[in-house]
Amino acid sequence: MRSTPKALPLAVAVLAALLAAATASAQQRPLPGLAPAANDALTRALADGSLTEAEYALERARSLFRLGRARRQFGDVEPAGGRDATLLLRDLAARVTRLSRRERAQAERLLARPTDGAADPQGQGYTVSEAPPLCGADICFHWVESSGDAPPGADGDPATVPAQVLTTQAVFEDVWAAQTALGYREPLSDIADDNNGGDEKLDVYLANVGADGLFGYCAVDDPPALQFAVPVYCVVDDDYVELAAGTSHTPDELLAVTAAHELFHAVQAAYDFFDDGWLLEGTATNMEETLYPDIDDNVAFLSFSPLTKPEYPLDRAGFGDSEYGAWIFWRHLEENAYDGDPAIVRRVWERAAAGLPADPDDYSLRAVANVLRADGNRLADEFARFGVANRRRAYADRRLYPRAPTHGFFRVGPVNPVSGPHVRRLQHLTTKYFTFRPRRHVSPTARLKVAVDVHVHGGRATLVVYYRDGRVRVRGFSYTATGTGARRVAFGRGVVSRVDLVLSNGSSRTRCWRDLDRPPFFSCFGVPRDDARAFSFRARLRD
């Protein structure tokens, strides 16, 4: 769900099947967590019980397209972010059967396809009949020849295909070929749906969604037996001209990364469309980088990510753009841990899959841990390496990436040869960085002894030594049974510019399905078992 996705048509009877499937395993698979939203009047109404979760989902989705109405009714309702609509509408789709009959009708209008026209009074539907679709082997493209949704090149003649439709077809078919070449499942057939666009192929609709600040979205469809893997359709902007204005990107570049992102959502829906948001949005955003590394539209998401906000858990959802910013973790796995092999992300999705009887149906974090374990690795160790990579910006596009913050700065020298002990608390899957610099009169042969206590499940400490000649050395610790460890590294004045201590709480232990009420949510609605754990460290100058 890249950039404010929109509309998620889902027949009520089918939604009942979804909820029945969820109910059958209610202790294991509750509904997906509510998407991120501002702390505004709607959030407060949910918190004080004025709105049920289903009513909140309806009002939040309606505010996407009728913000003024929502403000008149509730007060200070904040506009949704430009990339929020898909998850907001997915929230609504999953809860439709919990609404009254009147509210269900309103929800169905919000969830309608563009070709539903008059059944879609929220401004998302075509106001004229569509032209005959352009279909290839796997995808059908839909458009109109007139009205505000007509793409460039539309001349009013249904027998001709507008240039923008041909361009969109070429880009999507290239992306389809690239993603299937990576071994991913194809999007599911919608042949059993009542409204399937005419055949079993993936349907992509061109519409003026850029007017609503949307790049594109893929929406849950309505198969007769809906579970967690579902067929979808997609909607993309009809020209990307408005969206490109004021940016450094061309309309064609925005179309390309949108196709990479949204088509991957269609792929995800063949595995489990109702998994944790950080997995869905993080891997879709990373797919942009995998297929189009030179466009870099996704770099903006790093402003709220483990790179720039390492004190927030990696799997946090429901705050800012953290789901999107999590793409840097998948980039680390792909570029650093697996030497540029994108298959690592596919293998995680294969563990998370819930569409076939033999699928493992791991929740997001367990899927990652199981894939790493199968390769002889541990999530806590890889998470520590991830923290070091972020500190060093050890990525191909490092020049574009912001720097990680420093959480403590200390100078050590002959007058004050000891720093600490210092105690810091870390949440699960977070990192903190501390820097030591040599003071004047420190010997060129001096060393720094750093002692740590990381007696936390998944706790790790790493030293990064930056030499003045440009060399960088990364040094880990050996720990006792009680979690203590010590390491000496070079610290000579004129030889070393600084030493960074990287503390990582790599614990993935959680009690699933315990926190279903309020964001932020973590993997599997879990209550993490190792949050706010104390780490301590001390540094001493040694000659």
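The disulfide between Cys 135 and Cys 140 is right-handed, because the torsion about its S-S bond is about 110°. The sulfur atoms of Cys 135 and Cys 140 lie 2.0 Å apart; a disulfide is taken here as a pair of cysteine sulfur atoms within 2.5 Å. Cys 135 is partly exposed, at a relative accessible area of 36%, whereas Cys 140 is buried, with 1% relative accessibility. Buried denotes under 20% relative accessible area, exposed over 50%, and partly exposed in between (1.4 Å probe, protein chains only).

The model is predicted: local features need pLDDT of at least 70 and side-chain atom pairs count only at pLDDT 80 or more, while totals for chains, interfaces and linings use all residues. Residues are numbered from 1 along each chain as its sequence is written, and side-chain values use heavy atoms, with hydrogens and water left out.

Cys 218 is joined to Cys 234 by a disulfide with an S to S distance of 2.0 Å. This link is right-handed, with 90° about the S-S bond. It connects distant parts of the chain, 16 residues apart: Cys 218 belongs to strand E4 (residues 216–220) and Cys 234 to strand E5 (residues 232–237). Strands (E, at least two residues) are DSSP runs numbered from the N terminus. Both Cys 218 and Cys 234 are buried.

A disulfide also forms between Cys 512 and Cys 524, with the sulfur atoms 2.0 Å apart. The link of Cys 512 and Cys 524 is left-handed, at -80° about the S-S bond. Cys 512 and Cys 524 both lie in the loop between strand E14 (510–511) and strand E15 (527–528), so the pair ties together parts twelve residues apart in sequence. Cys 524 is buried, at 0% relative accessibility.

The count is three disulfides, and the bonded cysteines, numbered in sequence order, pair as 1-2, 3-4, 5-6.

Notes:
Helices (H or I, at least four residues) and strands (E, at least two) are DSSP runs, numbered from the N terminus.
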